Amino acid sequence: MSEEEGVRLQKVMAAAGVGSRRACEDLIAKGRVSVDGVTVREQGMRVDPETAVVRVDDMRINTGTSRVYLALNKPRGMVTAMSDPQGRPTVGDLIEQRTDRLFHVGRLDADTEGLLLLTNDGELSHRLTHPSYEVPKTYFAEVVGPIARDVGRRLKAGVELEDGLARVDEFRLISSSGNRVMLELVLHEGRKHIVRRLLEEVGHPVQRLVRTAIGPVLLGDQRAGKLRPLNAQELAALYAAVGM
Ligand code: URA
């Protein structure tokens, strides 16, 4: 890239939602901005927004206009696929008009609701779904009770499933009334039907399952079937969670 190519750093930062150009110039002057790992203090540096790795206070920002990151609250009954031979509604239906070639990051069962990320960033997607990066996923589960006292301990210690040992990182009893029990579980692995199989194995079949968080990104009160772009803070935290 020659001197005159690229886009001025403060303009790239402002476009990424960091703040006004003036505020971005201040951040640069204070030495809080780095490009490709090197702190920048002079104004006017030009970068290629599609390839430069820009960090503010060590948090990476998304400078490329071609990279897209969306959060979906997947409704129950929707298949995590681009199309379905049985004609059921799919995640693909929601994005078929788009030209940015998005794909879903991992899967949720058709019967599971909640947070699913869609992106065209292959490296981020790979890291989010690979257990070695240990990104925690949080689930709300409604199960058949009454619940035995030692269920949390057993799930944390590890339960033998047909494809090997599985365990939860955290377990919390939210409420229990008669045979209606609500739980929160955190896991960093994503084997097929893992939460349903774990809870079935300890004697509590799942009635309803909702993924409420992927690392630092929360489902919040996002409506079922709706897509929303991740904001700059969520994206920076997500990059940080997978060491990008
Ligand atoms: N675990 C499950 O059992 N189902 C999901 O959809 C996600 C995690």
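**Positive phi**

I looked up Asp58 and found it in the loop between strand S5 (54-56) and strand S6 (59-61). Helices (H or I, at least four residues) and strands (E, at least two) are DSSP runs, numbered from the N terminus. I am working on a predicted model, where local features need pLDDT of at least 70, side-chain atom pairs count only at pLDDT 80 or more, and totals for chains, interfaces and linings use all residues. Residues are numbered from 1 along each chain as its sequence is written, and side-chain values use heavy atoms, with hydrogens and water left out.

Asp58 is not a glycine, yet its phi is positive, about 70°. Is Asp58 buried or exposed? Its relative accessibility is 64%, so I noted Asp58 as exposed. My cut-offs are under 20% relative accessible area for buried, over 50% for exposed, and partly exposed in between (1.4 Å probe, protein chains only).

I found a positive phi at Glu134 too, about 55°, and Glu134 is not a glycine either. Glu134 is in the loop between helix H4 (122-129) and S10.

**Cis peptide**

I checked the bond that joins Gly145 and Pro146: it is cis, with omega about -5°. Pro146 lies in the loop that runs between strand S10 (137-144) and helix H5 (151-157).

**His204 and Val144**

I placed His204 in the loop between H6 and strand S15 (206-214). His204 has a relative accessible area of 4%, so it counts as buried. What does the side chain of His204 reach? One of its polar atoms lies 2.8 Å from the backbone oxygen of Val144. I count a polar contact as a pair of N or O atoms within 3.5 Å; within protein, one must be able to donate a hydrogen and the other to accept it, and residues adjacent in sequence count only if both atoms are side-chain atoms.

**Ligand**

I listed the residues around the ligand: Leu108, Asp109, Thr112, Tyr139, His193, Ile194, Val195, Arg196 and Leu209. To be near, a residue needs one heavy atom within 4 Å. Helix H6 (residues 194-201) gives the most to this shell, three residues. By class I have five nonpolar, two polar and two charged residues in the shell. Ala, Val, Leu, Ile, Met, Phe, Trp, Tyr, Cys and Pro count as nonpolar, Asp, Glu, Lys and Arg as charged, and the others, Gly among them, as polar.

Next I read off the polar distances. The side chain of Asp109 has an N or O atom 2.7 Å from a nitrogen atom of the ligand. A polar backbone atom of His193 is 3.2 Å from a ligand oxygen. For Arg196, a polar backbone atom is 3.0 Å from an oxygen atom of the ligand. Taken alone, the ligand exposes 240 Å², and the protein buries 96% of that. These areas come from the Shrake-Rupley method with a 1.4 Å probe.

**Val181**

I found Val181 in strand S14 (residues 180-187). Its relative accessible area is 0%, so Val181 is buried. From Val181 to Leu116 I noted 65 residues in sequence and 24 Å in space, C-alpha to C-alpha.

**Whole chain**

I noted seven helices and 17 strands in the protein chain. The chain has 244 residues, and buried residues make up 45% of them. Along the principal axes, the C-alpha atoms fill a box of roughly 65 × 40 × 30 Å.
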